[in-house]
Amino acid sequence: MKNKNLNIIITIISIVIPVAVAILFVLPQPNVQVGFDVKVMPFFHAVLNSATAVLLLASLFFIKNGRKTAHKWANLTAVGLSVIFLLSYVTYHFLTESTKFGDMDHNGVVDAAEITAIGGVRYVYYFLLLTHIVLAVVIVPLVLFTLLRGFQSDWPKHRRIARITWPIWFYVAITGVVVYMMISPYYA
């Protein structure tokens, strides 16, 4: 398949994923029994993000030490975990209402007393959440184009885009874990 065709496919994927995720937040949640407690899924997502961050560190170590095959497999595994994360994340948000940061009584409303109780930490949470979400959208095409250049053995372009992709992807993985840890007390 020609590079131009792959660029189009990557562009389409990069648009479809965030649009599909955004739609989930406006659709009504179905009354579906899935056979397990979906409340475990955010923890699972944090584990996937943690593993991805470790794999990205390993990938960086491997390439800095000339271990190209290990670098390749660390990145492919990180991509695989990211795909599992995305599918699980979409499933979770399809099946449940969003948790509100600071909702101490789990009633779906963060009232003035709860806002006062959580104080300024909510600004930190919302900053991390916002940057995590925006960069999670940005990282999809970056990862796909970085992989494409690697599979095409276009090492100058692969290295150039990887220098942008790696820190953003690592930030998204790490902030995914931090955001989970910050909101986990508010899961009902």
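Patches are made of residues with over 30% relative accessible area and no salt bridge, with like charges joined within 9 Å and nonpolar side chains (Val, Leu, Ile, Met, Phe, Trp, Tyr) joined within 5 Å. A salt bridge is a side-chain nitrogen of Lys or Arg within 4 Å of a carboxyl oxygen of Asp or Glu. Residues are numbered from 1 along each chain as its sequence is written, and side-chain values use heavy atoms, with hydrogens and water left out. In this predicted model, local features need pLDDT of at least 70 and side-chain atom pairs count only at pLDDT 80 or more, while totals for chains, interfaces and linings use all residues.

**Overall architecture**

- Along the principal axes, the C-alpha atoms of the chain fill a box of roughly 55 × 30 × 30 Å.
- Of the 188 residues, 33% count as buried; buried means under 20% relative accessible area, exposed over 50%, and partly exposed in between (1.4 Å probe, protein chains only).
- Among contacts with a separation of 6 or more, 75% are between residues 24 or more positions apart, a contact being heavy atoms within 4.5 Å.

**Surface and charge**

- The mean positions of the 14 positive and 7 negative charges are 31 Å apart.
- Lys and Arg count as positive and Asp and Glu as negative, whereas His and the chain ends are not counted; each charge is placed at NZ of Lys, CZ of Arg, CG of Asp or CD of Glu.

**Nonpolar surface patch**

- I15, V19, I23, V26, L27 and F94 form a nonpolar surface patch with about 530 Å² of accessible area together.
- Helix α1 (residues 3-24) contributes three residues, the largest share of this patch.
- V26 belongs to the loop between α1 and α2 (41-64) and counts as exposed, with 67% relative accessibility.

**Buried positions**

- N75 lies in helix α3 and is buried at 13% relative accessibility.
- Not counting residues up to four places away in sequence, N75 touches L56, S59 and W169.
- Y125, in helix α5, is buried with a relative accessible area of 4%.
- Leaving aside neighbours within four places in sequence, Y125 contacts F101, V179, M182 and I183.
- Y125 and M182 are 57 residues apart in sequence, yet their C-alpha atoms are 7.0 Å apart in space.

**Backbone at two loop residues**

- H106 is not a glycine but has a positive phi of about 55 degrees; H106 sits in the loop between α3 (68-95) and α4 (112-118) and is partly exposed, at 35% relative accessible area.
- S153, also not a glycine, has a positive phi of about 55 degrees; S153 is in the loop between α5 (121-151) and α6 and counts as partly exposed at 44% relative accessibility.
- Most residues other than glycine have a negative phi.

Methods
Helices (H or I, at least four residues) and strands (E, at least two) are DSSP runs, numbered from the N terminus. Accessible areas come from the Shrake-Rupley method with a 1.4 Å probe; for residues, only the protein chains shown count as cover.
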